Amino acid sequence: MSSRVVAGSLALIAAGGLVAGPLLESGLPAPPQQWAFIVLALPLPVLGRLLAVRRPELRYGWLLLAASLALGLSVLGIGLSARTGGHALYTALGSLSPVFYGLTWIFVPLLFPDGRLPSPRWRPVAWISGGAIALHTAGNLAYGHDPYHPPSGPLSATQWAGVWASAAGQLTTWVMAVVVICGLVLRWRRSARAERGQYAWMVGGMAATAAGAVLVSSFHFGGSAYGIAGLIGVLAVVGSLPAAIGVALVRHRLLDVRIGLRGSRLHLVFDLRPTVDEVLSDLGTALQETPEPVEQLGRLAAAVRTGLDLRWAAVTLADGTRMVSGTQEGAATLELPVRGGRIECGPRQAGPLTRVDRRLLEALAVPAGLAIQSAGLVTRLVNAQEAERRRIERNIHDGVQQQLVALIAGLELARATGAGPDMLANLREQARQTLADLRELAAGIHPSALSQGGLVEAVEERCSRLPVRTTVTSAPSLRARRFADEVEGAMYFTVSEAVANALKHAGAATMEVRLTLEGGRLHATVSDDGKGFDPGTRARRGLATLEDRLDALGGSLTVDSEQGKGTRVHAWVPVDG
């Protein structure tokens, strides 16, 4: 059974008892004091259901429901007893009033505002109070407390035990209530500015409740003949706390509940902070509608800010790229590391960040990490493409372009001077060298051997020109196998970069390249006997860009190395078949 159904059922039972009990007790037409009692008591189950349904992770709504249920059953039992000759069931229901008093005097203020104890030091108070409420209730049951049918004749031993148990439980409840109210006042004095209004209304509600309890205890009244002071006391005990909580909800957004008016018609709108599912759904839609990765970071920051009701929120990539939603003021109050970066949260608009807020933020970690990783990957790929463009431009400018300029100048000189065979032969050699350089440059972009012969042949051709002994090993079936251009290109350049690094930095004397196809994955492993290094303290140089390239294809790259024990670079990408 869902929490919504349970909360609705409990609220309905409580409301039914609160309406039927007083009307049964006085009969119809009911006097004004009974209607006043009903009107002031009904907000309690309504508030309990609202908070229990919309904030099921908090215990405060269920606490209010339990208090309203105890009150509703208690007044229902009294009303039934007034209309009949009495019954043990009606007496038992009427004996539940100590549960209502104990919960509203002690546990409602003690667990304010989010259903948790202020600190572990309050656990003994909670346990003692729970025992006192149980003792008071049990004492009423043993005594057979019924204001319309009191026990006749001498009391039995069980009834006397009930009287003493009820008195002891009631006295302990009063003492614990005073302790809790004093603690509530201290929390109010020490609370932050954003919370002070919430605590102030609760302190005022508890003061009115305490005053009402004093009046109820000081004046005797029974049946429907309420005295004025007793009536005021009953109404204060029943209505003060619901009124205080209701005002805190409306004016100070207690538990993130906002109540207002919307539209041209008069009706209430309960506009609460979105749930985890609602935030994830909205975020998924926003990311799907935003193809640009950097803009996705902005949407993500906005979703975190809205979901937690923050003044500002920021998403930061590992490379320093940062998107802020809102106006950042001061340091972050909460940070959550995610894959590829972190999420920073500023202070909330009202109140501190709670454990519920942290759980919501942690629920966003997976989609946030994916969005951050995607944005970071695209940024690195764009930077890599720009760096490669500049490298090709530099190579053309410093190499082939200068050779072509010199060749053109030589041709102009030959035309002007009537060049002889030697000059023409020299110019022809320059043209051949320029063509060779162009082919070499083109091979750096996409080797012709890779386009014509496939991956294995291109890797063998690349390794055959190395100045150290290099062995290329592959299965015979792999030599004739062709893969997608992006797969072959990624694996070829990974091998090229790995052997180049081994030559430049490792001082390797021998290298081995192994190409395999296993389980739908194409693997390339480059091992050398060089001096090795600590992968955690040294950059991977050009392999970082290739790692992003492999990651974009669904693959991965790992580097295993140790000082004096060589290096092993392993890359793989998924392939069909």
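Let's start with a pair of strands: strand 5 (residues 334-338) and strand 6 (residues 341-345) run antiparallel and are joined by five bridges. Keep in mind as you look around that this is a predicted model.

You can follow the pairing residue by residue. Leu336, meanwhile, stands opposite Ile343 in strand 6.

Go back to strand 5 and check which way its residues point. In a regular strand, the side chains alternate between the two faces of the sheet. Strand 5 has a covered face made up of Leu334, Leu336 and Val338. Its uncovered face has Glu335 and Pro337.

The largest nonpolar core has 44 residues, and Phe37, Tyr60 and Met202 are the ones with the most contacts inside it. Quite a list of elements gives two or more residues to this core, including helix 2 (32-41), helix 3 (43-54), helix 4 (60-83), helix 7 (123-143) and helix 8 (157-190). Helix 10 gives the largest share of this core, with eight residues.

What does Met202 touch, once you leave aside its neighbours within four places in sequence? Met202 is in contact with Tyr60, Val108, Phe112, Leu184, Leu241 and Ile245. Apart from this core lies another one, of 35 residues, and among them you'll find Leu450, Val499, Val513 and Val575.

One last stop: Ser95. You'll find Ser95 in the loop between helix 5 (88-94) and helix 6 (97-110). Is Ser95 buried or exposed? With a relative accessible area of 0%, Ser95 counts as buried, because that label applies to anything under 20%. And who is around Ser95? Setting aside its neighbours within four places in sequence, Ser95 is in contact with Thr137, Asn140, Leu141 and His145.

How values were computed: Residues are numbered from 1 along each chain as its sequence is written. This is a predicted model: local features need pLDDT of at least 70, side-chain atom pairs count only at pLDDT 80 or more; totals for chains, interfaces and linings use all residues. Side-chain values use heavy atoms; hydrogens and water are left out. Helices (H or I, at least four residues) and strands (E, at least two) are DSSP runs, numbered from the N terminus. Buried means under 20% relative accessible area, exposed over 50%, partly exposed in between (1.4 Å probe, protein chains only). Contact means heavy atoms within 4.5 Å. A nonpolar core is a set of buried Ala, Val, Leu, Ile, Met, Phe, Trp, Tyr and Cys residues joined through side-chain atoms within 4.5 Å. Two strands pair if DSSP finds at least two bridges between them.
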